[in-house]
Amino acid sequence: MTDTDDPTRTPELELRGIGKEFRSRSGSTHALSDIKLSIDRREFVSVIGRSGCGKTTLLRVIAGLTGPTSGEVVIGGRSLWRGKKVDSEVAGRFGVVFQDANLFPWYTVLDNIALPLTLRGTDRARRHARAAELAELVGLGGFERSYPRELSGGMRQRVAIARALSYQPKVLLMDEPFGALDAMTRERMNLELQRIAQTTEATVVFVTHDITEAVFLSDRVVHLSPRPGRIRQVRGVDIPRPRDRDAQSEPEFQRIVRELRHALDEEG
Amino acid sequence: MGQDRFVKLLPWFSTPVVIVLLVVAWELFIRAFGVSEFVLPSPGTVLVSLVALVQDPETWHHAAITATEAITGFLAAVVLGVATGVALGKSALLERALRPMIIAAQVVPKVALIPLFVIWFGFGLTSKIIMAAMLAFFPIMLNVLLGVRSVDPGQRDVMRSLTASRWNTFRHLEFKSTLPYVFTGMEVGIVFAIIGTIVGEYLGGSEGLGYLVVVSLNQLDGPQLFAVIVLLASLGLLLYFAINGLKRLVIPWHESVYSQNGVT
């Protein structure tokens, strides 16, 4: 592999020419084409694009939920796929948050957060201690014993984030995690996510169709254009952290948003 | 909160009231139209008959027989229904191959088969147990099949993203997610099992509450006929609530349980 001596020089996540085709009876769909991207440790990268541009597919390929037709996903210098199977040790470095919280209604908040630890055989006392810590981190202290049905949409998504963080993943993959939330909750969740990403020092890949959200959260924004999904441009966001709500009204912020919006509009 | 409490407790008050109203209407109907004792006995005579039945150890023997038949048949249906439901739910190919047969088997009025069972297995308990099992099998199997198919794809993605083993996926997701369907099937199944048992007893044999119904009819004993029906209804309720109670215990997190409790 391309492991160098200096660990800081190894990108956390590398996409080496990812291509993805879906074949069905009615023909094949070219979803992704030659995606090349290198993401550094602790970097926050958003992927934006209109619906159907393949951004969710890209995230599912990175997460190992679906295999690429061509190319390679490399995490910390190791390839994700070993033949036709996902190398579970490599996939174990991911935490995935989906558009829906996908909580298990039969488990309490605490047990939902601790699920990944349960699967890894961590003993009950240790996983509950860790889950309680995370519940606190995502602002759910006091709700540990509640069941998912007793929570609001925003709170459920926080549980999902805490669950993804429970085994300290190196990389957090998020697929429009706040897409189903109202604007106000969404803004609050963005602030919290920024804080969580900084506290946990995780590398984040964040899929969204909301340009403002992407610029607010990211160090770099990847613009994916559709059919087939390919990288149109990668835009750096050089705004100091932590960013607060006011950051959005700064000229630099608005300039980047406008630029990205024009690029998206040009696709027609 | 006060409103919730009221709604939650309402059935405990409304049910006795409705029962009393029905009994009063029954009594009034008899007095108004002078219905004969055999066609529709008065509530009072039924009660007398019921008390006499309950004090007779012979009645308890019959009730025990009916309960044994229904419960044994039901348990057999649970085991076979869950196993078949899981197998068909897991294998689309198998389900497709067997679907015409399953639909045909469902459509056949199974009660019509009882005489056959009597020929094959005699007038004893076996033919009724088989009848009970056969009626209870389909709702259980079909619900389990549906449950296995209904595991949420999003929740599956979670397990896959965590590279969960097959066993863990079964234990933490598929099993828990299918349980509510199993209980729905069992709630319907237990009722069907009792129906199968009683019809079986009507048609053949010398034991059970169903047999007691036939005896009462032959003796033209209207009040006793009604009293046995009350006993049968009680047995049905008892078994249904046993299943329902088990459900509340095992899946307290499920919508059908917590909404039933009035805590929405």
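1. Chain A holds an open six-stranded sheet, ordered β8-β9-β10-β3-β11-β12, with mixed pairing. Its edge strands are β8 (94–97) and β12 (230–236) of chain A, each of which pairs on one side only. On average, neighbouring strands of this sheet are turned by 15 degrees against each other, direction ignored. Strands (E, at least two residues) and helices (H or I, at least four) are DSSP runs numbered from the N terminus. Two strands pair if DSSP finds at least two bridges between them. Axes are lines fitted to C-alpha atoms, for helices over the stretch in contact; angles run from 0 to 180 degrees between N-to-C directions.

2. This is a predicted model: local features need pLDDT of at least 70, side-chain atom pairs count only at pLDDT 80 or more, and totals for chains, interfaces and linings use all residues. Residues are numbered from 1 along each chain as its sequence is written, and chains are lettered from A and ligands numbered from 1 in the order in which they are written.

3. Within the sheet, β3 (residues 44–48) and β11 (residues 220–225) of chain A pair in the parallel sense over four bridges. V47(A) has V222(A) as its bridge partner in β11(A).

4. Helix α5 (residues 153–165) of chain A lies across β8 and β9 (171–175) of chain A. The helix runs at about 170 degrees to β8(A). Contact here requires C-beta atoms, placed from the backbone, within 7 Å.

5. The largest nonpolar core has 75 residues; I113(A), A135(A), L173(A), V204(A) and V205(A) touch the most other members. Beyond four places in sequence, L173(A) is in contact with L59(A), I62(A), A63(A), F94(A), V96(A) and V205(A). Apart from this core lies another, of 48 residues, among them L125(B), M134(B), F138(B) and V228(B). A core is a set of buried Ala, Val, Leu, Ile, Met, Phe, Trp, Tyr and Cys residues joined through C-beta atoms within 7 Å. Buried means 20 or more other C-beta atoms within 10 Å of a residue's own, all placed from the backbone.

6. At the interface, 18 residues of chain A are in contact with 13 residues of chain B. On the chain A side, α2 (88–91), β8 and α3 (109–119) each supply at least two residues. α3(A) gives the most, with three.

7. In chain B, helix α9 (residues 209–218) has buried residues L209(B), G210(B), Y211(B), L212(B), V213(B) and S216(B). They pack against α3 (57–90), α8 (166–203) and α10 (222–250) of chain B. Just after α9(B), L220(B) takes a positive phi of about 55 degrees.

How values were computed. Contact = placed C-beta atoms within 7 Å. Buried ≥ 20, exposed ≤ 12 C-beta atoms within 10 Å, placed from the backbone.
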